[in-house]
Each structure stands twice: as structure tokens, then as C-alpha cells.
Amino acid sequence: MSGAALGLEIVFVFFLALFLLHRYGDFKKQHRLVIIATLLAWYLCFLIVFILPLDVSTTIYNRCKLAVNSSPAEGNGSYVTLAPSKQKCFKPWSYIPDGIMPIFWRVVYWTSQFLTWILLPFMQSYARSGGFSITGKIKTALIENAIYYGTYLLIFGAFLIYVAVNPKFNLQWNQLQTIGIAAANTWGLFLLVLLLGYGLVEIPRSHWNGAKRGYLLMKTYFKAAKLMTEKADAEENLEDIMEEVRKVSESIKYNHPLRKCVDTILKKCPTEYQERMGRNMDDYEDFDERQNSYPSEKSLAKLHKQVIYSVQRHRRTQVQWQILLEQAFYLEDVAKNESSATRQFVHTFHSQEPENKIIQYFYTPTVEWYWECLLRPWFYRVLAVVLATFSVIVVWSECTFFSTKPVLSLFAVFIQLAEKTYNYIYIEMACFLTIFFLSICVYSTVFRIRVFNYYYLASHHQTDAYSLLFSGMLFCRLTPPLCLNFLGLTHMDATISHKNTQPTAYTSIMGSMRVLSFIADGFYIYYPMLVVILCIATYFSLGTRCLNLLGFQQFMGDSEMTSDLIDEGKELIRREKRKRQRQEEGENRRREWKERYGNRDDSTRSRAVHTDQKESSFSETNTNRSLSKYTRSNGRTERDRIELLQDAEPLDFNADSVNDDPLESDSGR
């Protein structure tokens, strides 16, 4: 089994990262390099989280072997017997042979650092560039990142000069490498505590509120009102950009050198706008003979960038609006079915997507009613209590993990108890649950935060390339300090435990932080205590209240603005629901008319054929007259059917709009 667990986790984590990226990204429309770079960044970060528990169990086994070899011992089978204590050092089922983990961690760590500090920032600028060629995009990306890279080079160069000039410092390459790692981890730890303080409170609270049907419905109405405003703004912005594109397309003729750039811009426009504008091929005047002022290539590149952004934003708001409507309709159905006497879940609208037959067989309306109306609220409450318990343990351990005598960190207590009996399964499960919960708190915050319209991870394939690459940068910068913090909580880091024991393979590649004692003994130990203040601020929604005061509408139950937006969203949902009901009624009525008049046409045709056979002995003139009569009758029936089908759309009845004047009624319709 040596190395088998490592191989299985490598494969599993790859498909997990691929699944998440497929949910947020769009493999068909986005550039392959963007997909590959983001997938690699997510994959490496998730891989570190899943492999680290194996590193811990392997390190504990190696410590046991060292203790045995340093004392009188005798071998016995696959384990070693310690003479004084008569304990046995069993080899864990997931044991990784010596020499593999250091190489593995070194490759994974330095690849992720190359991605987050060099490649991904460059690809961000490349993806947002409006250039029309690869060379132009690379040039734009280099110019935009010149300040970014220049700042780091200036700081690093000044530090090297100071070290070289000062005779007190005699730093070697390994120490310089450790200083660079410490600087990157310090930046990551600063951001990690901020995100962790939010996630430790918000994740249990969101699951607890998920059991409240009224709360979810009100919040959905609030989101609908905000999304409608964003949707209208995106449509207006797209119209303005398309108007500029139309003017440019009309001014630059077919024989202009920049016409290829205009055609590239037109290909990025929606199909309806492309058909509306088209190519202006009517005027064959030479562009040099005209005195019009033409836009430059730089201005066209800027317009190209605006077109890409506006089209992506418009498409995203349209998809999110449809998803939010389905969610609102479903929550209203749940509220309506809670008082159902038949205990069968009834949907107002049928699902537009075909459902799996296996799911339909097991997830019957009765099962759905019991789950949605009875079991799901209690399940969310129990899950919220469990998550809140984990959050309390994490906060306590973050504030006390520096204490070694006595050991106050609960995670360290659990690991040390399991280490005494060498229960590797328990050690790996405890380590995995701990680091997995920390990762969920941090990564879920990365998926939830939104920086205006520049960074936003939207599901259902609606995330743009810039946001995907930015998320990869954040993951690569947050994961190493997250793992170091986890090792500190469990006292597997020698810097925290102050024991002269064998370190984990992950800690060994980080180097000894004693080179920077003020970071190792100060910042790394006391800064995580700030998580208590952040948790308190998140619990009382101080950040939400500040954003609300600044004019960014946030969902707050005691706010008058929130109540107004809830009422507005409720009206929008009611309007969309009535619209969809009219559409379904219209489709049903069309289907009924088609079936009714389709059968009548078939009977008319059969009678005509029967009459034709019966009167075959008549003269040719009478036969033609009879056939023409039935043909005209059939034509009248067909025309009547078409006219009725055209007027099959039902009207929305409103008692307040009933008027005596028929003209006003028609205008109101």
C-alpha cells in the first residue's frame, strides 16, 4: 500500500478541481491557456490540503522509528518493539517512502509560487487586453505588469544591497530562500486571518438561516431587486457600446487597413447586433480621399476591451436572473406545500431541463415533500450546530496554540492522544477534518466575495477569465500559510512545539524561520489571535452595516431600504411568474387547438377520399367539381385554424383595468 494512497488522492483531487472549474468556467468559450493555468493553480492548492494529513502520519511513524533506533530495541516482523515501554511502531497503511514527500512538496510549492507571482498576473493582463494580435496583447500585459514586477524587484534588490554592504549579515542562499518564503507567507497569513474570521461565523450562520423558509424567501426577493438593477445597467451599457461599434463600423470602410480590427470586434458582439449592423459594403469610395477622422488602433483596442467586458456582463446577468427566478419559484412552492394535506410536493411550473429517470424514480413527490418540508430544516440546524462547534474549537486553538506546557490547543491534544497509541487512521481523519474545515472557511469566502465587477466568481459557467485567474492567485497565496497555521495548531511544527523532533516534510522545505525571529516568534504566533475580533465583527455584521452606510445595499432585516427592496423584488417575481403562467397557458391552448383542428382536417380529408371513390363512375367534370369543393372547404378550415392559433395568447385579467371604452382596453393590452 506504500504510495497507493498518495496516487489515489492525486487522481481524486484532479477530478475535484476539474469539476469545480467546469461549474464556474466555460471550457468552450474561454481560452485554453486560461483554463489550464486556473486548473493547475486550483489543483495544486487542493492537493496540498489533501496530502498534508498523509505527511503528518508518515512523520509520526518516522519519529517512532528514530526513538526506537536511539534506544534498546529488537525487531519483530513488520514493526519494531520498544523495550522500555513495550510499544509497537506499526507502519501506517498510507505510509509514503522516504525521499518522496520532500521532492513532491518542493515541486508543488515552487510551481504554485511561480503561478501566483509571475504567470497568473501576466495572464490576467493578457486576458483583459483588447489587442488584436498575440504580440499586441503580450506588449500590453508587459506594460501593465511593469510597475507590479518592478516594485518587487526594487524591494528585493534594496534588501540584497543592504545585506551585501552590512558585515553583520552573512546570509547564504538557503537563508535568502527562507526569507523569501517567509515574506510570501506573511502576506498570505495577513489575508488568511481576515478571510478565516469571516468564514468561521458566516458558514454556520448561513446554514442556520437556511432552515428558515421565510428568511430565504425574503433574501431571494432582495437579490431579485438588486439583480434587476444590475441587469438593466448591463443592458444599457451594452446598448451604448454597440452604438459606438456601429458608428466605427460605418466610418471604417471595407478597404481601410483597420477594417480587420473592426471585423474582430464585430465577431465578439451578440448575434442580433451583428445582423443589425453587418458590413458596410455599399460605399466603395477610397478612404484616403475622404476627410473624415478615423479612430486609431489604440482606440479600437480599447473599444474591443469594452465590448468583451459588456457582452460578458450582459450574458452573466441574464443567466443569473433566470436562475434566481427558478430559486424564487421553488421557495414559494415550498411555502405553499408546507400545509399540503396530501403530503405530495406540487410544482407550479415544470422543470425546463429534462430530469434523470433514476432521480424521478427515487425522488418522488412524496419523498420530496418530506425532505423539503420536514427533514431539510432540521438537517440544516444540526449541521449548523456542528459547524459552530468546529468554529469555537478553531477560535480557541488559534488563541492558545503557542502554549506547550500545558497544551491548550484542542487539535494538538487530539493528535497527541492518537500519537500515543499510533492510531494512524484516527490521526489522518482528525488532520483531514481540521484542515478541510479551515480550507472551507477560507476558500468559500474567496468564492463569495465580490469586488464590484472586477472580481466575481459566478457559477453556471459565467465567470470571466480575469476572475478565474485572480482566484487562482488567491488560492496559491493562501494555501501555504494555511498549512503552516494548521501544523501550528496541531503542534507538528517544531517552531511552535519547541521540541527537537523530526519535522514534517512540508515544514522542511520552508526552512527554519529562526532566520527571522521577529516573524517566527512574534507575527506567526500572535497575529492569528486577531481572528477573535474579526469573528465578533462578523457576528454583529459590522462590515455589512458599514457597506450599507456607504450606499452599497446589503440585506439587513432592520433596514428600511431592505424592506423597500424586498417589496420591489416580490413584485418583480410576481410579474415574472404571471408572465410565465401566460406563456404556459398559451402553449397549452395552442396545443389544444392544434389537436382539435388537426383531427378535423384529417376527417375532412377522409370524407373527401371516400366521396371520390363513391363517385368514380361520374364524369370527369363532376369529379373535378366535387374535389374542388372539398379543397375549398379544407382551405377555409385551415385558414380558420391559423387565425385562431394567432390569437391564442391569453390576456392578463385585472379588475382595475376593466373599462367601458374598448379602445382604452386595447391600448392597455
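**View 1. Cys546, a partly exposed cysteine.** With 46% relative accessibility, Cys546 counts as partly exposed, because that class lies between the 20% limit for buried and the 50% limit for exposed. Please keep in mind that this is a predicted model. For contrast, take a look at Cys261: its relative accessibility is 9%, so Cys261 counts as buried. As for cysteine pairs, the count of disulfides comes to zero.

**View 2. Inside the largest nonpolar core.** This core has 97 residues, and the ones that touch the most other members are Trp42, Trp105, Leu200 and Tyr506. Helix H2 (residues 32–69) supplies the largest share of the core, with 22 residues.

**View 3. The surroundings of Leu200.** Leaving aside residues up to four places away in sequence, Leu200 touches Ser391, Val394, Val395, Phe437, Cys441, Val531 and Cys535.

**View 4. Stepping back to the whole protein.** Of its 669 residues, 41% are buried. Among contacts between residues at least 6 apart in sequence, 77% join residues at least 24 apart. The accessible surface comes to about 38,100 Å², and 60% of that belongs to carbon and sulfur atoms.

Note on methods:
Residues are numbered from 1 along each chain as its sequence is written. This is a predicted model: local features need pLDDT of at least 70, side-chain atom pairs count only at pLDDT 80 or more; totals for chains, interfaces and linings use all residues. Side-chain values use heavy atoms; hydrogens and water are left out. A disulfide is a pair of cysteine sulfur atoms within 2.5 Å. Buried means under 20% relative accessible area, exposed over 50%, partly exposed in between (1.4 Å probe, protein chains only). A nonpolar core is a set of buried Ala, Val, Leu, Ile, Met, Phe, Trp, Tyr and Cys residues joined through side-chain atoms within 4.5 Å. Helices (H or I, at least four residues) and strands (E, at least two) are DSSP runs, numbered from the N terminus. Contact means heavy atoms within 4.5 Å. Accessible areas come from the Shrake-Rupley method with a 1.4 Å probe; for residues, only the protein chains shown count as cover.
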